[in-house]
Amino acid sequence: MNWFRRLNKQPLWRDEFSIHTDDERYVSRRQFTKFLVLTSLGMFVGNVWILVRSWLDKAPVYPEETIADANDIPIGGARLFRYPTRNDPCILIRPDEQTYVAYSQKCTHLSCAVYYARDKNRLECPCHQGYFSVKTGEVLQGPPPRPLPRVVLERRGGNLVAVGMDTRTES
Amino acid sequence: MPEQNPPTRKQGLTAIDGALALIALLLIVQMWLLTATLESYLAGHHEVALPAAIISGVLFLTCAGLNLFVNRIDAEARDAGEGTA
């Protein structure tokens, strides 16, 4: 069976602009099918684009940057800094005496700046009430689809040094 | 082997409607696949991109095949309609 064979001998314009009312139903369905198939092609192209991006992505190299003196931050306090570039706001938090954690300040929903709610011990996005865990950066509530990217910290002497970003999250 | 009669207009429309419903269903799956893949990619899971692209390609080819089916049924039904008119 030849599926590509065009059985109708009429020229295309007579197919598409038929004088018969009944044929209009066929035309609209045919056009709608074409539209859906084109949309399907668009989805496929989108998936291929993601694939190409994942092939082209290289492992980023992060600078080492001293971001604060550990003793300058009080227990339950927070400090803002920028890492790895000047356009990447981050937040450093000291939830208890021995723990320091830092996250990207951009909410994973729509990039609003999150802040540390000390009384509830969580990071909150004021735009759409997205809440994140201070310990892990995981989403506790709200529309954010992913945890906050975590800044990898090292303690060198009395200083806190940012050495990388952990953007890979369990999902 | 008896010769197969071309579909009537009503049969043709029913077949086309069925194919359309199937295409719409496949498209919904493809939309979900694209959003899920993008979500995984942004979360750093790059390994899902290849299987997702392959499955999306298969879904697209299925839709394209159904489109050919619709065109064929449509042409056959209208040919039959002209023959009886």
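Which residue in β8(A) is the bridge partner of A:Tyr131? Keep that one in mind; point 6 has the reply.

1. **What you are looking at.** This is a predicted model, where local features need pLDDT of at least 70, side-chain atom pairs count only at pLDDT 80 or more, and totals for chains, interfaces and linings use all residues. Residues are numbered from 1 along each chain as its sequence is written, while chains are lettered from A and ligands numbered from 1 in the order in which they are written.

2. **Chain B in outline.** Start with chain B, which has two helices and zero strands. Helices here are DSSP runs of H or I with at least four residues, strands are runs of E with at least two, and both are numbered from the N terminus. Of the 85 residues in chain B, 29% are buried. Buried means that 20 or more other C-beta atoms lie within 10 Å of a residue's own; exposed means 12 or fewer, partly exposed is in between, and C-beta atoms are placed from the backbone. Residues 24 or more positions apart supply 77% of the chain B contacts with a separation of 6 or more. A contact is a pair of residues whose C-beta atoms, placed from the backbone, lie within 7 Å.

3. **Helix α1 of chain B.** An α-helix has 3.6 residues a turn, so residues three or four places apart point the same way. Just after α1(B), look for B:Gly44, with a positive phi of about 95°.

4. **Where the chains meet.** In all, 41 residues of chain B are in contact with 34 residues of chain A. On the chain B side, the elements giving two or more residues are α1 and α2 (49–84). Helix α2(B) brings the largest share, 20 residues. By class, that side of chain B has 25 nonpolar, nine polar and seven charged residues. The classes go like this: Ala, Val, Leu, Ile, Met, Phe, Trp, Tyr, Cys and Pro count as nonpolar, Asp, Glu, Lys and Arg as charged, and the others, Gly among them, as polar.

5. **Two nonpolar cores.** A nonpolar core is a set of buried Ala, Val, Leu, Ile, Met, Phe, Trp, Tyr and Cys residues joined through C-beta atoms within 7 Å. The largest one has 21 residues, of which B:Ala19, B:Ile23, B:Ala49, B:Cys63, B:Leu66 and B:Val70 touch the most other members. Elements giving two or more residues to this core are α2 (21–56) of chain A and both α1 and α2 of chain B. The largest share, ten residues, comes from α2(B). Beyond its neighbours within four places in sequence, B:Ala19 is in contact with B:Leu66, B:Phe69 and B:Val70. Apart from this core lies another, of 20 residues, among them A:Ile91, A:Leu92, A:Ile93 and A:Val151.

6. **The four-strand sheet.** Now for chain A, where an open antiparallel sheet of four strands has the order β5-β6-β7-β8. Strands count as paired if DSSP finds at least two bridges between them. Strands β5 (115–117) and β8 (139–141) are at the edges, each pairing on one side only. Strand β7(A), residues 130–133, pairs with β8(A) over two bridges. And here is the opening reply: the bridge partner of A:Tyr131 is A:Gln141.

7. **The six-strand sheet.** Six strands of chain A form another open antiparallel sheet, in the order β1-β10-β9-β4-β3-β2. Strands β1 (65–69) and β2 (77–82) stand at the edges with a single partner strand each, so one side of each has no neighbour in the sheet. Four bridges join β1(A) to β10(A), residues 159–166, and A:Ala68 stands opposite A:Leu160. Strands β9(A) and β10(A) pair over seven bridges. They form a hairpin with two residues between them, and A:Gly157 in the turn has a positive phi of about 65°.

How values were computed
Contact = placed C-beta atoms within 7 Å.
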